[in-house]
Amino acid sequence: MQGTLGGRLCVEHLVWAVILFTGITSAATPRRTYDVWWHLAAGRYIVTEREIPHEDPFTYTREGEEWTAHEWAWEVPMFLVFDRWGHAGLLGLRLVLGALIAGMLTWLLLKRGATPLAAIAAGTLAILAARPLLNDRPQNVTTVLFLAMICLIEMSRQGRHRWLYAAPLLMVVWVNVHGGFVYGIGLLGLYALCCTPRWLQQRRAGEALRPGPTFLALVIVLSLAACVLNPNGLAGMAYPLGYVVGEYAWYQTVVQEYKSPDFSNAAFTFLALMIVGAAVIFAASRQGAGAWDLALLAIFLFTVLKWRRNTALFALAVAPLMALQLTAILRSVGLDSLGRSDGRQPSQLVLAAIIGALTIAAVVFVPSALGNVEKLFSEDMPDECVAYIEREELSGRMFNTDRWGGYLMWKLYPEHQVFIDGRADVMGR
């Protein structure tokens, strides 16, 4: 990250500007997510009732059924923001998360030693591949915390092991916002496994083991213990496993997110480019890869080809390795900087002009994106039906599809309970 100090602009500043611009505009792009409404209804219930529900209050078909409201810590701020600022508030939350993802990814790419051109190429491609998952659901927070855990592990890989003491604190937040917290524990376990060959080498050489196995085991144990700190205790900690091997595993057969990516769908174009690009870059590069990078590549390539919901995790996990391999290729042909074989920096005027143009473009794009959000939702929501029900004060039980259930729950509860909604764990088969 040489040259980032001082008051002068440098190419590293351009890397930050390009990737942040990509992250912010990707997060601002409006996309319809039906589940957002029942998340908002859950947040409102928690705030107004001052309790986290353990049984379903929203439907007459499953009223009283056990409900693990494991995403409450994100649903509450979602509701408070939406209640105050509407769709603009949700857009603001997305922008914050998009900026955090882009910022951490940029830091990681430069920290690993990628050249600016390689960092921009890998970073922007990764965010564009992850873009379909940058929505208003709690799943978006998993993307942020997943990348944060990788950054903590990177600090340890570079000798600053005490940063891993932050992992249990990260897990306390993660377990209360989304079931993807299991990836955090998985990353720590994978890191310990990848340290094993180095520990064996250090032991044979009579050197101190770094990071110490006892220290790493303590971090993992504390992180596991942190996962119990949720309103449902051990049941909340085990809850995500139900979707893989437990009572909710049937869910995989009916929900599109648990299908393999459909590469004929434009939404997966950048994912396809990233997979093909990684293959070409690895074939062309002569630089080797360590156990940690190869493990991330193998595991998340498998998981994304199995479940499209892992697209963002794959893209962000693999981007640093792609950037390093691309860096080796660029250096082999004498392109250490942004297309400059002599290594000189672009002029201050050029850098300022590009960064300024990106800033202006982001400022223009965000308000225009907000203008399309309400239209996007109203096109596919029964607004007039809801208005009629409220105006005529209709009574009796309501029949509805699961797609509209969350919206009707948000609009009509507590006066009306819905027939069904998108919470598969509550609804059952």
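A search of the whole structure, which is a predicted model, finds 0 disulfides, a disulfide being a pair of cysteine sulfur atoms within 2.5 Å. A disulfide is a covalent bond between the sulfur atoms of two cysteines. For Cys 151 the closest cysteine sulfur is that of Cys 195, and at 17 Å it is too far for a bond. Cys 151 has 10% relative accessibility and therefore counts as buried, whereas Cys 385, at 46%, counts as partly exposed. Buried means under 20% relative accessible area, exposed means over 50%, and partly exposed lies in between, with a 1.4 Å probe and protein chains only.

Because the model is predicted, local features need pLDDT of at least 70 and side-chain atom pairs count only at pLDDT 80 or more, while totals for chains, interfaces and linings use all residues. Residues are numbered from 1 along each chain as its sequence is written, and side-chain values use heavy atoms, with hydrogens and water left out.

The helices come next. Helices (H or I, at least four residues) and strands (E, at least two) are DSSP runs, numbered from the N terminus. Two packed helices are described by the angle between their axes and the distance between the axes. Axes are lines fitted to C-alpha atoms, for helices over the stretch in contact, and angles run from 0 to 180 degrees between N-to-C directions. Angles under 35 degrees count as roughly parallel, over 145 as roughly antiparallel, 65 to 115 as roughly perpendicular, and the rest as oblique.

Helix H1, residues 11-28, packs with helix H5, residues 116-130, at an angle of about 5°, and their axes are 10 Å apart. H1 and H5 are therefore roughly parallel to each other. On the H1 side the contact (heavy atoms within 4.5 Å) is made by Val 11, Glu 12, Val 15, Val 18, Ile 19, Thr 22, Gly 23 and Ser 26. On the H5 side it is made by Pro 116, Ala 119, Ile 120, Gly 123, Thr 124, Ile 127 and Leu 128. The residues of this contact of H1 with H5 divide into 9 nonpolar, 5 polar and 1 charged. In that division Ala, Val, Leu, Ile, Met, Phe, Trp, Tyr, Cys and Pro count as nonpolar, Asp, Glu, Lys and Arg as charged, and the others, Gly among them, as polar.

H5 has 15 residues, which at 1.5 Å a residue should span 21 Å, and this agrees with its end C-alpha atoms being 21 Å apart. The expected span of a helix is 1.5 Å times one less than its number of residues. H5 is mostly covered, with 12 of its 15 residues buried. Among the buried residues are Pro 116, Ala 119, Ile 120, Gly 123, Thr 124 and Ile 127. What covers the buried residues of H5 includes H1, helix H4 (87-111), helix H11 (269-284) and helix H13 (311-332).

H4 also packs with helix H3, residues 72-85, at an angle of about 130°, with the axes 6 Å apart. That makes H3 oblique to H4. From H3, the residues Trp 74, Pro 77, Met 78, Val 81, Phe 82 and Trp 85 meet His 87, Ala 88, Gly 89, Leu 90, Leu 93 and Leu 97 in H4. The residues of the contact of H3 with H4 divide into 10 nonpolar, 2 polar and no charged.

Leu 9 is placed in the segment before H1 and is partly exposed, with a relative accessible area of 29%. Neighbours within four places in sequence aside, Leu 9 is in contact with Gln 348, Leu 351, Ala 352 and Ile 355. His 13, in helix H1, is partly exposed at 24%. Asn 140 lies in helix H6, residues 139-157, and is buried, with a relative accessible area of 1%. With neighbours within four places again left aside, Asn 140 is in contact with Leu 97, Ile 101, Leu 133, Leu 134 and Asn 135.

The peptide bond from Arg 210 to Pro 211 is cis, with omega near -10°; Pro 211 is in the loop between helix H8 (182-204) and helix H9 (213-226). The peptide bond from Tyr 413 to Pro 414 is also cis, with omega near 10°, and Pro 414 is in the loop between helix H16 (402-412) and helix H17 (424-427). Arg 50, in the loop between helix H2 (36-49) and H3, has a positive phi of about 55° although it is not a glycine. Arg 50 is exposed, with a relative accessible area of 76%.
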